[in-house]
Amino acid sequence: MMTLVAAYKSMLEFLEDKKRGLGAKEIIGHGYSMGGGVQGKALETYPLEEGLKKGIRYIFIKDRTFSSLKRTVHSLTKGCIG
């Protein structure tokens, strides 16, 4: 999961970067199912304020995802895995 979170943050950096990336002014992220969890975890620590100061607008959508990975694992395994 942490590799996916790191990849999501790297993708945001690429989209924002004017010199080595796309220099986007609007970023729309759509996280579906597990992707919504990855997106949420990545955004917990990603410095969106820096992009907002540069005029970048963000929209993040979480679609049919879970509230926490721990609860999901517990639900799917019926508590067999701690």
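In helix 2, the buried residues are Gly36, Gly37, Val38, Gln39, Ala42 and Leu43. These buried residues pack against four elements of the predicted model: helix 1, strand 1, helix 3 (48–53) and strand 2. An α-helix has 3.6 residues a turn, so residues three or four places apart point the same way.

Glutamine 39 illustrates this packing in detail. The residue sits in helix 2, which spans residues 34–45. Its relative accessible area is 0%, so glutamine 39 counts as buried, the cut-off being under 20%. The side chain of glutamine 39 reaches the backbone oxygen of glycine 29 at a distance of 3.2 Å.

Together with Met1, Met2 and Leu4, Met34 forms a nonpolar patch on the surface. The four residues of the patch share about 380 Å² of accessible area.

The largest nonpolar core contains 13 residues. Tyr8, Leu12, Ile27, Leu43, Tyr46, Leu48 and Tyr58 have the most contacts inside this core. Helix 1 (2–16) and helix 2 each supply at least two of the core residues. Helix 1 gives the largest share, four residues. Leucine 48 touches Leu43, Tyr58 and Phe60, its neighbours within four places in sequence being left aside.

Helix 1 also contains alanine 6. Alanine 6 is partly exposed, at 41% relative accessibility. Alanine 6 and valine 38 lie 32 residues apart in sequence. In space, their C-alpha atoms are 9.2 Å apart. A second pair gives another distance. Lysine 78 and glycine 37 are 41 residues apart along the chain, and their C-alpha atoms are separated by 20 Å. Lysine 78 belongs to the segment after helix 4 (69–77). With a relative accessible area of 70%, lysine 78 is exposed.

Charged side chains were then considered. Side chains of opposite charge can pair when their charged atoms come close. The model has four salt bridges. One of them joins arginine 57 and glutamate 26, with 2.1 Å from N to O. This pair links distant parts of the chain, its members being 31 residues apart. Arginine 57 is in strand 2 (residues 57–63), and glutamate 26 is in strand 1 (residues 26–32). Arginine 57 is exposed, with a relative accessible area of 55%. Glutamate 26 is partly exposed, at 48% relative accessibility.

Another salt bridge connects aspartate 17 with arginine 20. The closest N and O atoms of this pair are 3.2 Å apart. Aspartate 17 has a relative accessible area of 21%, so aspartate 17 counts as partly exposed. Arginine 20 is exposed, at 70% relative accessibility. A further salt bridge brings together the side chains of aspartate 63 and arginine 64, at 3.2 Å from N to O.

Most residues other than glycine have a negative phi. The phi of arginine 64 is near 50 degrees, a positive value in a residue other than glycine. Arginine 64 is located in the loop between strand 2 and helix 4. The relative accessible area of arginine 64 is 62%, which means that arginine 64 is exposed. Serine 33 likewise has a positive phi, near 55 degrees. Serine 33 occupies the loop between strand 1 and helix 2. At 32% relative accessibility, serine 33 is partly exposed.

Methods:
Residues are numbered from 1 along each chain as its sequence is written. This is a predicted model: local features need pLDDT of at least 70, side-chain atom pairs count only at pLDDT 80 or more; totals for chains, interfaces and linings use all residues. Side-chain values use heavy atoms; hydrogens and water are left out. Buried means under 20% relative accessible area, exposed over 50%, partly exposed in between (1.4 Å probe, protein chains only). A polar contact is a pair of N or O atoms within 3.5 Å; within protein, one must be able to donate a hydrogen and the other to accept it, and residues adjacent in sequence count only if both atoms are side-chain atoms. A nonpolar core is a set of buried Ala, Val, Leu, Ile, Met, Phe, Trp, Tyr and Cys residues joined through side-chain atoms within 4.5 Å. Contact means heavy atoms within 4.5 Å. Patches are made of residues with over 30% relative accessible area and no salt bridge: like charges are joined within 9 Å, nonpolar side chains (Val, Leu, Ile, Met, Phe, Trp, Tyr) within 5 Å. Accessible areas come from the Shrake-Rupley method with a 1.4 Å probe; for residues, only the protein chains shown count as cover.
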